[in-house]
Amino acid sequence: MTTSEGHNGMAVSYDDILHADLGCLEEAAKAWERMAKKFGTLGHDYKAHVRATVDADSWQGESAKTFGQWGRKTAEEYDQAKGEAHGVGALFRLAHATLDAHKKAVERARDDAQDAGMDVNSRGHCTMNFDKVAAKKGEEVADGYRENPKAKAVVEEKWTDRIKQAVKATQDADAGLCTTFMTDPKEPEKGLPNGFNGAVGDDVVKKNAARAAKTYESIKDGGTPSPEKLREAAILARAHGDDPEFSRTLIDSLGGPEGLIKTHDRLDDLAYYDDKDHKKSYVSLDKALATNLASATKNPDSAFYKRFQGNMEKAGVKEYDLKVAGEKIPEESGSTHHGQKVRGYQSLVSLMQRGDGYGKQFLFDTADAIREAEDEDQGGDPDIWDLRGDFGTKQDAHFAHDPLDGILEVMSHDPEAATEYLDPGPENKQDDDQDSEEKQDNLTYLLQGRDWKHVDLGSPDPAEMHDPDKESSDARQGLARAIEAGATGEQPIVGDGAARPHATHTIPEARIMNQVINQTDPGMGGSSLPENLQRPIANALADYAPDTHVTLHRGEDIRDHIGIYGPESDAHLSANPEKLVRVMRGVSDTPEGFAMMHQAEREQIRQDIAELPPQAGPNSRDVQNTMTHAGASMGAFEAIRRDRVLDLRDEEMSEADWNAKLRYHIVGGVFTPIPFVGDSIQRSIDTGTWEESNNVKQSADTEARQELTRQWLSSDSQIRYLVNDWADSSGIKGQDSALTVLKSTFAMSGRDASRRQADGWLGRGDD
């Protein structure tokens, strides 16, 4: 299906469309793009080596002159070949995007017909299935159609006609593509006669950019294009999404940054307020526009990029109409804040959140410009993004009301960029000539210096004793995700996903984690971390379990070696033990956060036990050290859990609720198989989780169930099962006294010392 007719002269049919394999078009596009890149490389090499030699003064005379002329033509021909290959690739991209969209439209028409109770044959003809109708609409409706064949025929014809229209639209698109492929472009002015034609690329890109821009401009200017025009513009923008030339032409046609902002704002108004019936079409157009923005700004050295950023700095702080903000305060309220406007950077980041693949420099420059607009130390206004109303709700998620937090959320999808942006730099920089890395304060500003109160509640009191504004319900969500991505080098964990076992980190990643611990430490007896920071930081801490495990059992010894150590690609974190424990407590308000860290710690214990010598017994120094370390880490976790339980007395959430959720997440945790370890030890090193959990489930009495849960979560139970299961899996028999000593003298003593120490750091003393 790449022409309007098949080899037999018949137009493509409904069945042809459904079974068409369009992947070949995408592969063809990639092949031509690879060819264009290869021609570009060859052309560069020719100019750099062959032409450079010819142009040198060492070769003079007629032969040099003649070869020089042919050499120029050859260089031009390489350029023409690159342009033609690029243009043909663009044509195949357009063909794939166009036919894929139409094929999906045919499939949707078929699916809708089937959902309505129709059987659809291979020609797209619909016949009512009374059983389906009865199942969906009831026997009475089905009987009505049985008794009224004329009404039945009308419904069948309606669905058949809808499929026919979708097929006809596909045939028309196929015919249009055939014409496009067969059209002769203008002859090139350079290169060889009848040689390659670079104008193919220019024609395709410029014409399609102009067609797409016409629809976008109509939307920007207040028009409402037809669904067909909307679909065509989305197809064109998507087909050329990776083409910088198309994207730059499109954005320039809209009027640069300001036009881009106005276009996005109008698309958002249409999707969520003015024309909700076609929401998918408008959102699709907006996503395509975000893709174009990404490709247009990929090269920070281009003239377009510099022009765009210069104009964006002005447009970013200007005010624009956007209904999600303007309609937040109802008109009938009589408030002067009805119709409140938004800033350009709020709209730009809202658009960016619909796409991905942005260049690192564009992310950094946008974040820096937003900070400059708001940071008092840089001459900015901390209240510049303030709006009446809380836009942190799910229904307002399409609006980046806090653009700096929003750009951090975008950055979190590119962990390498998040790491580079948040990395505070060397801890002790001695010589600029020896170390090219620079210190930067982005993370410090975000954690300690920034005003996060963007819900405007009025003017400060005359004495300026307090700021009446408040934080939105989603404050710091973007920062939290960026911290997780930047500190781990991985995409943030979604839902109930497990932490990576035995992860490795780079020095910049570890520096971020260390600074987060130092700067979010709430202090002895301090409050918890901001709610939206808790789970992502817990995820990040879980990623550092191999390092935090050492800190938790060597709290006092490690104080002389706080910081980052190790090679660039396998760095280790030696955190301040007091700060670490308090931050771990600070992210444990949610049982999910505590469970994530607890699971990761158990994984580390499992790994340590798995590495014990196979024949080692309870009197082995290796075994005793491992159990002491395990007990110490469990003691620290128990101190954190007990501190949380004590705080629950003053909150709505009960201990029973918190413990129940904690049990759910720990029992539901994913254990990663340890290489080269037998099944018996794999099953045993889960500290009795399943057995104790089953005991809890089988208890019908609420208080008894709560008490069993407390016992199950206690370090006494954890250590007892840990040592016993290790002994069973190792085949140790008849050494009960030695095992008792192993538990009490080593594991329990390690637990007691660590728990007392952690209690002190948390300000609990001997509570």
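I looked up the largest pocket and found about 800 Å³ of space in it. The model is a predicted one, and I read the entries below with that in mind.

I then listed the lining. The largest pocket has 24 lining residues, and those nearest its centre are A101, A105, R108, R231 and S281. I checked which elements give two or more residues to this lining: they are α3 (62–115), α6 (149–182), α8 (227–239) and α11 (279–296). I noted that α3 supplies the largest share, with 8 residues. Sorted by class, the lining holds 10 charged, 9 nonpolar and 5 polar residues.

Next entry: a helix pair. I took helix α25 (residues 621–648) and helix α30 (residues 715–729), whose axes come within 10 Å of each other. I read their crossing angle as roughly 155°. Angles over 145 degrees count as roughly antiparallel, so I logged α25 as roughly antiparallel to α30. For handedness, I put down a right-handed crossing of α25 past α30.

I went through the contact from both sides. On α25 the contact is made by V623, M627, A630, G631, M634 and E638. On α30 I listed S715, Q718, I719, L722, V723 and W726. By class, I counted 8 nonpolar, 3 polar and 1 charged among the residues of this contact.

How values were computed
Residues numbered from 1 in each chain as written. Predicted model: local features only at pLDDT ≥ 70, side-chain atom pairs only at ≥ 80, totals over all residues. Heavy atoms only, no water. Axes fitted to C-alpha atoms, helices over the stretch in contact; angles between N-to-C directions. Helix = DSSP H or I, 4+ residues; strand = E, 2+ residues; numbered from the N terminus. Parallel < 35°, antiparallel > 145°, perpendicular 65-115°, else oblique. Left-handed = near helix turned anticlockwise from the far one by under 90°. Contact = heavy atoms within 4.5 Å. Nonpolar A, V, L, I, M, F, W, Y, C, P; charged D, E, K, R; others polar. 1 Å grid on protein atoms, 1.4 Å probe; cavity = no way out; pocket = protein on both sides within 12 Å on 5 of 7 lines; lining within 4 Å. Points joined across faces, edges and corners; volume = space filled by probe spheres on them.
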